[in-house]
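Please walk me through this structure in plain terms. I would like to know how its parts are arranged and which residues touch which.

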Amino acid sequence: MLSIGLGFVEQVADIAIRAGAEIMRIYGTDFAVETKADASPVTEADKAAEELILHSIRVGLTDAYPIVSEEHFSQGDVPEVSGSAFWLVDPLDGTKEFISRNGEFTVNIALIEHGTPVLGVVHCPAIKETYWGSAGGVFSRIGDDAPTAISCRAAPTGGMTAYVSRSHATPEVDGFLADFKIAHKVSAGSSLKFCRIAAGQADIYPRMGRTMEWDTAAAHAVLKFAGGIVQGIDGATLRYGKPGFENPHFVAAGPGVLPGNT
């Protein structure tokens, strides 16, 4: 198993924060929006943040592991990752939120070993929130405050708080949540939804739509080390390095929320 020290995790967090600064530099400009082959949008910010992250990992951190990143993947740059640890990078998760300028977008960097995330950093530059998780602990930092250890909460007896996707809501999500006692439902963008559960501010987030592994891996690590779980609708824990790097429908939740998970 990889030995990941706190200093290593902090270096990854610093890379994500610097990528976030690059994103915010472009955020206030009249940036152009392009459409990729899969009909999803991409901007100069996606590309600039990705190049900063890839260079910073390979040159400033380590070149020991291959990197699967969203924009390079869309251009056919897909490294072989079977049998090795590898990085999963989404330089700007929530591009639609970035384009609409609602602030709900993140930088996601994860390290995967044996199909599971062993390190994850999620940085939301517009609201200055950063989350990171590994076997050494899971933390959040709000603005310039000192890092704070976080953990999932027990599901409230009066009803849970559910997060749903702002840009990808589906009737299937409402149907899934009908089986739970939900007191509040909140719409939000990007992987920040996982982090809200990890920080004890929410309890469940189902996603019944297409996502890719780089969308979820970093936040999966944060939630996992905070005591939560991310699993397919079939109950199997979400795995990484799958052919095509596409996720099944899944649900993220705190402990005790899903049947069979305590």
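How many aromatic pairs does the count come to? In this predicted model, the count comes to 14 aromatic pairs. A pair of aromatic rings is described by the distance of the centres and the angle of the planes. Among the aromatic residues, Y27, F31, F98 and F105 are linked into a cluster by ring pairs. Another ring, that of Y240, has a charged residue over its face: K242 lies there, 5.3 Å from the ring centre.

The sheet comes next. Seven strands form an open sheet in the order β3-β4-β5-β6-β7-β8-β9, and the pairing is mixed. The edges are taken by β3 (67–69) and β9 (148–149); each has a single partner strand, so one side of each is left without a neighbour in the sheet. Strands of a sheet pair through backbone hydrogen bonds, either parallel or antiparallel. Strand β5 (residues 106–113) pairs with strand β6 (residues 116–124) in the antiparallel sense, over seven bridges. One point of reference along this pairing is N108, whose bridge partner in β6 is V122.

From β6 the pairing continues to β7, again antiparallel, over six bridges. Here C124 has E129 in β7 as its bridge partner. The hairpin of β6 and β7 has four residues between the strands, and K128 in this hairpin takes a positive phi near 60°. On the next step, β7 and β8 also pair in the antiparallel sense, over six bridges, and the hairpin that joins β7 to β8 runs through two residues. Within this pair, Y131 stands opposite S140 in β8.

Is β7 mostly covered or mostly exposed? Strand β7 is mostly covered, with six of its six residues buried. In a regular strand the side chains alternate between the two faces of the sheet. In β7, E129, Y131 and G133 point one way, while T130, W132 and S134 point the other way, and all of them are buried.

Helix α2 (residues 44–61) lies across β3, β4 (86–93) and β5, and runs at about 150° to β4. Helix α7 (residues 213–225) lies across β3, β4, β5, β6, β7 (129–134) and β8 (137–142), and its direction is at about 100° to β6.

Why does T95 count as buried? T95 counts as buried because its relative accessibility is 10%, and the cut-off for buried is under 20%. The side chain of T95 makes a polar contact of 2.8 Å with the side chain of D46. A polar atom of the T95 side chain also lies 3.3 Å from the backbone oxygen of L92. Leaving aside neighbours within four places in sequence, T95 is in contact with P41, V42, T43 and D46.

The second residue is V164, in strand β10 (residues 160–165). V164 has 8% relative accessibility and therefore counts as buried. Not counting residues up to four places away in sequence, V164 touches V173, L177, K185, V186, S187, A188, K193 and Y205. Between V164 and P206 there are 42 residues of separation in sequence, yet their C-alpha atoms are 6.7 Å apart in space.

How values were computed. Residues are numbered from 1 along each chain as its sequence is written. This is a predicted model: local features need pLDDT of at least 70, side-chain atom pairs count only at pLDDT 80 or more; totals for chains, interfaces and linings use all residues. Side-chain values use heavy atoms; hydrogens and water are left out. Rings of Phe, Tyr and Trp (its six-membered ring) pair if their centres lie within 6.5 Å; planes under 30 degrees apart count as stacked, over 60 as edge-to-face and the rest as tilted. A charge sits over a ring if NZ of Lys or CZ of Arg is within 6 Å of the ring centre and within 35 degrees of the ring normal. Buried means under 20% relative accessible area, exposed over 50%, partly exposed in between (1.4 Å probe, protein chains only). A polar contact is a pair of N or O atoms within 3.5 Å; within protein, one must be able to donate a hydrogen and the other to accept it, and residues adjacent in sequence count only if both atoms are side-chain atoms. Contact means heavy atoms within 4.5 Å. Two strands pair if DSSP finds at least two bridges between them. Axes are lines fitted to C-alpha atoms, for helices over the stretch in contact, and angles run from 0 to 180 degrees between N-to-C directions.
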